[in-house]
Amino acid sequence: MFRYLVRRFLQMIMVFIATTFIVYSLMYWTGGDPIQALAGEKPVSDLQRAQLTRIYGLDQPFYERYWNYLTDLLHLDFGTTLTGRPIKDILVDAWPITMQLALIAIVVTIVFGVTAGVIAGIRRGSIFDNATLVLTLLVIGIPSVVLAPLSQYLFTIQWKIFPTTASGNPTWYELLLPGIVLGSLSVATAMRLTRASVSENLRADFVRTARSKGMPGRRVIGIHVLRNSLIPIVTFLGVELGSLMAGAIVTESVFNVPGVGFQLARGLKTEDTPLVIGIVSVLVIVFLVANLIVDLLYAVLDPRIRYE
Amino acid sequence: MSDFESVAATELHTATPGPAGAPNAPGQPHTLEVSKPRSASADAWRELRRRPLFWVALVIVALVLLIAAFPSLFTSADPTSCSLSNRMGAPSGAAIFGYDVQGCDVFAKSIYGTKNSLLVGTGAALLAGILGMLLGVTAGYFGSWWDVTVSRIIDIVLGLPLLLAGIVFMKRVTNAGGGQTAILIALISILGLLGWTTAARVIRSSVITAKQQDYVHAAKMLGAGSGRIMWRHILPNSLAPFIVIITMALGSFIAAEATLSFLGIGLRPPAQSWGIDISTARAYMRENALPLIVPSTFLALTVLAFVILGDTIREAFDPKLR
């Protein structure tokens, strides 16, 4: 287990360096003149240009600049936006809101996806099973650029059930619809995974043993089947975090939720490259760490998995 | 479970050779068919033919391809000739879904937007398919350092969520101010370069399993070269899951294009794209919802058709899922 931990950690460091390198070199080769972008419409004199080039370290070679970027990242310094606000401040404000949204999304995924998956897995071939299968297919196929605006139109304008947009300091109620929209993207996959693994585990030897020992059905399902069926779902939820964050960009900008995705969309709209790069770097790191945690949880959940 | 058993039972039943009688007797041409064991793909095709969902998806895909190739067959209106006097015009005989905020024909815009979506989707799927197949097969077949390298590259690419890396890359391209063609090529290459990993992983693992099969050893002993073994003996066995993944990826690439265009870093307004249409219509949806609903429906149906197509093919090839 310890050897696996070390190996997995080294692997994550390698992936981290490579992904930040890709993101940084893309930014480095970005067309346009960063100093002119900073000055806006005003002309920049040669002296000012030379000074700003020094201050921002633009005269340093590529590798040195990448190294600076990397060490800044590790010191949790994500740079400043074009308007001079530290990106860290923006993130500090935006994270709790996105986390609230993600929490609603995950609760929705678990309540609807996993529950429906368990029922469908136990009653395979029933009407419930077939109906949910077709329904999940529909949900998988509808991208968030369609789902978010359409549900906003239907549930806030056509039928005024929810507020159309969230306020600067959103309440749980305001976040409910965006959270459900965000969660519904992964409900379908969660349901299918649960269904497949529950129905596979129901056929397993250990379940038959438990049954023949005279264990009541509820206990067999709750302890033997569910615990083992949880394993692929935990991995899925971790990996899904990436698409959840990507989906949050669209959902948050549609519903005006001032979270991380909203800030990213704003950075794109206002051509604020440092803000975009800063947020993307943070999201990539969050994604990597989440994957690492998921891999470790794997070993805790499944006693059969013992890494060499 | 019970239906799985019954399927297995019928398979067994049809696979048993017919009762005594000359197999090639004239009058009984079907006996030969019955006694001959069917291949896995023929089996899957029989299963697929029975599924109405498969045919629905196939018809939608064919229709969407037709619209992309010949948009003028479906509408006589020009999506770029807009007149502000038609602003938010109600549906009429000339424009069945009315006009949008700029006075453009809503239906015509969605019809002409199909081409770009499919171009990006198929282009990216093709690129991802070729990359995934080449790297997956060679990594699985040759193993050793090449396998390690490819696997690490896969880890790195998987560490970059598709949309996030797409955003950084497309930001760079749109900052550089390329034309529509440059943006299209950029979209195809970034989605293709980020989307090949799942296909490569699946191919790699099925190649590793296939490599140890007797028929591969036999082919090797008969003197077949690496290229021939990979192409003729190993690849056909990994083809089914590969096709499924690529079909589903095509749907997600189309959705990603719409998302990037929606965020303003994909195609730009003179070009027709469902993502742009949805993004502009959203601001005016209180006034008129049709410009939002029509491109949304086109996008959802297209993505849905590819996802369903992939899903039904997978179910047909995987008897465990039946």
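**Close-up views of chain A**

**View 1. Ile277(A) is a buried residue.** With 24 C-beta neighbours inside 10 Å, Ile277(A) counts as buried, because 20 or more are enough for that label. This is a predicted model, so please read each view with that in mind. Ile277(A) sits in helix 12 of chain A, which covers residues 273–301. Look also for Tyr24(A): 253 residues separate Tyr24(A) from Ile277(A) along the chain, yet their C-alpha atoms are 7.9 Å apart.

**View 2. Helix 6 of chain A crosses helix 8 of chain A.** Here you meet helix 6 (residues 127–141) and helix 8 (residues 172–202) of chain A, whose axes come within 8 Å and cross at roughly 140°. That angle is why helix 6 of chain A is described as oblique to helix 8 of chain A. The crossing is left-handed.

**View 3. Residues of helix 6 and helix 8 of chain A make the contact.** From helix 6 of chain A come Thr132(A), Thr136(A), Val139(A) and Ile140(A). Helix 8 of chain A brings Ser184(A), Val187(A), Ala188(A), Thr189(A), Met191(A) and Arg192(A). Sorted by class, this contact holds five nonpolar, four polar and one charged residues.

View 4. Chain A has twelve helices and zero strands. Its C-alpha atoms fill a box of roughly 85 × 55 × 30 Å along the principal axes. Of the 308 residues in chain A, 38% count as buried. Among contacts in chain A between residues at least 6 apart in sequence, 72% link residues at least 24 apart.

Terms used:
Residues numbered from 1 in each chain as written. Chains lettered and ligands numbered in written order. Predicted model: local features only at pLDDT ≥ 70, side-chain atom pairs only at ≥ 80, totals over all residues. Helix = DSSP H or I, 4+ residues; strand = E, 2+ residues; numbered from the N terminus. Buried ≥ 20, exposed ≤ 12 C-beta atoms within 10 Å, placed from the backbone. Contact = placed C-beta atoms within 7 Å. Axes fitted to C-alpha atoms, helices over the stretch in contact; angles between N-to-C directions. Parallel < 35°, antiparallel > 145°, perpendicular 65-115°, else oblique. Left-handed = near helix turned anticlockwise from the far one by under 90°. Nonpolar A, V, L, I, M, F, W, Y, C, P; charged D, E, K, R; others polar.
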